[in-house]
Amino acid sequence: MVLALLLTSASAGAVAGHGGPIKAIAVSPDSKLALTGSFDYTVILWDLSTVTPLGRMVGHDAAVDAVAFLPGHRAISGSDDDSLILWNLTDGKPLARWKAHTAKVAAVAVAPGGRLVASGGWDHKVILWTVATGTPRLLAGHEANVNAVAFSADGSLLASGDYDGRIMLWHVPDGTPAGTLRGNGFPVNALDFAPDGRLVAALGDDTVRVFDLAAKREALRYIGHTEPVVSLALSPDGTLAASGSSRGTVEVWRLATGETLRNIYATLGVVWAVAFPGDDARVVSAGNDGALREWSVATGAEIVGGRPAIAPPPEPTDRGAALFRKCQACHDFDPNDRSKAGPTFWHLIDRPAGSVAGYPYSPALKASGLVWNEATINRLFADGPQAVAPGSKMPLQKMPSARDRADLIQYLKLHAYGGRVE
Ligand code: HEC
């Protein structure tokens with residue numbers, strides 16, 4: 001029996017938990033075991049009654065993004081190494097490695113009965129695998145990274161969601177298209193079907209949407225989160241939903257009404273995965289701190305482990321940091337980050353205006369002849385960008401208080417050189 005064997009091997013020495021953030025959680029049908037997949041390349045099997053690791057499964061060559069249980073003491077996992085591994089849970093060894101994706105496998109789901117597995121990849125592919133033979137069937141149609149896959153409770157439909165917000169529906173087992181939900185352009189990060197057939201989608205626009213597929217409409221929108229929603233689980237009877245955000249929170253809410261029951265601060269950073277271990281009373285979560293944590297829905301308290309509670313990140317007491325929040329949407333101090341709307345502030349002090357290589361400056365700023373230092377940054381916010389560099393793309397803003405400007409400039413000086421004042 002699976003549990004006994006792995007317990008025997010574990011009793012020789014306690015199995016350590018993950019050595020990196022956890023990306024995925026699955027709970028066994030009898031709710032006794034959990035599987036987690038991690039950035040540390042491994043899959044761990046857990047005893048859920050004590051939340052202790054039983055065995056570590058090594059086989060992937062990169063982060064593990066998705067895990068699921070299969071009947072017959074088996075499991076499936078998907079990884080950044082572009083492959084899926086079919087595992088034997090009795091000895092923790094791979095039974096087969098499935099290769100048909102050409103990019104990260106971000107999501108897996110097991111059809112009711114366990115004869116089919118669906119996977120979604122960053123190669124824009126959805127693949128339906130026959131478990132017995134490992135034969136792939138490609139379901140083409142997505143034009144963006146596929147982040148999520150889910151089977152309906154009766155196994156007749158598969159849903160897949162992508163980074164552009166599109167959700168595609170497929171007939172199972174033949175894989176023919178069954179419809180598309182266009183979405184709103186924000187990423188679909190997780191999908192699940194309620195027992196009654198409604199489809200639930202966690203989105204990058206901070207919402208969770210519940211779709212009534214029969215009536216072809218959005219039935220409910222959950223708006224409790226203030227950050228992108230990255231993980232989602234429904235309780236076995238479909239009464240409750242748990243959703244995890246990129247701000248470390250797990251919200252537990254009623255699927256029928258959208259009423260929030262619990263708001264749990266679960267980890268520093270991202271809650272990559274949530275699950276209901278068996279009933280409506282408990283929820284498990286995992287994320288950036290690499291720990292599997294179990295919470296009481298009734299109280300919001302952590303149930304086992306006696307680990308210290310996690311405090312939400314404090315509001316900055318430093319006035320400069322608080323003022324920098326006005327800039328944060330468009331600027332950071334990362335020398336390599338090209339994702340912000342404005343240029344990086346790395347080495348900002350004594351830097352000529354318009355000089356970050358590769359950044360698409362306005363001709364006006366490039367030609368301004370300014371050099372950024374205490375005096376010029378002070379002037380930028382005392383008089384406003386339009387006065388200092390007319391024609392710049394910099395949004396119109398002023399900071400009337402001289403003290404605010406001084407505090408902000410101190411903060412910029414400190415962080416522009418990684419914390420050392422030059
Ligand atoms: C909504 C986006 C946005 C916000 C908010 C914003 N900026 Fe900018 N910032 C820009 C853009 C865009 C540019 C490039 C302007 C150009 O090319 O004309 C820029 C340029 C700059 C530059 C010149 C950098 C260089 O390399 O020449 C400085 C200095 C600057 N911003 C300071 C700030 C500070 C300080 C704050 C916060 C108080 C702030 N900005 C808030 C978008 C923003």
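Buried means under 20% relative accessible area. I jot that down before anything else, since my first stop needs it. I also remind myself that this is a predicted model.

**Entry one: the iron site**

I looked up His 331. Its relative accessible area is 10%, under the 20% cut-off, so His 331 counts as buried. Then I turned to Met 394, which has a relative accessible area of 22% and is therefore partly exposed.

Why look at these two together? I found that His 331 (NE2) and Met 394 (SD) are the protein donors of the iron atom of the ligand, and they lie 2.1 to 2.4 Å from it. I then checked where they sit in the chain, and the pair links distant parts of it, 63 residues apart. His 331 belongs to the loop between α2 (319–328) and β28 (351–352). Met 394 belongs to the loop between α5 (385–388) and α6 (402–415).

What geometry does the site of the iron atom have? I read it as octahedral, with six donor atoms and angles of 77 to 180° among them. For my own reference, ideal angles for six octahedral donors are 90 or 180 degrees.

**Entry two: a sheet of four strands**

Next I followed an open sheet whose four strands run in the order β9-β10-β11-β12, with antiparallel pairing. Its edge strands are β9 (105–110) and β12 (135–139), each pairing on one side only. From one strand to the next, I noted a twist that averages 25°.

I took a closer look at β9 and β10 (residues 116–121), which pair in the antiparallel sense over five bridges. Which residue of β10 is the bridge partner of Ala 109? I found Ala 118 there.

Methods:
Residues are numbered from 1 along each chain as its sequence is written. This is a predicted model: local features need pLDDT of at least 70, side-chain atom pairs count only at pLDDT 80 or more; totals for chains, interfaces and linings use all residues. Side-chain values use heavy atoms; hydrogens and water are left out. Two strands pair if DSSP finds at least two bridges between them. Axes are lines fitted to C-alpha atoms, for helices over the stretch in contact, and angles run from 0 to 180 degrees between N-to-C directions. Donors are N, O and S atoms within 2.8 Å of the metal (3.2 Å for Na, K and Ca); water is not among the atoms, so sites may look incomplete. Four donors count as tetrahedral if all angles lie between 85 and 135 degrees; four count as square planar and six as octahedral if opposite donors are over 155 degrees apart and all others between 65 and 115; anything else is irregular. Buried means under 20% relative accessible area, exposed over 50%, partly exposed in between (1.4 Å probe, protein chains only).
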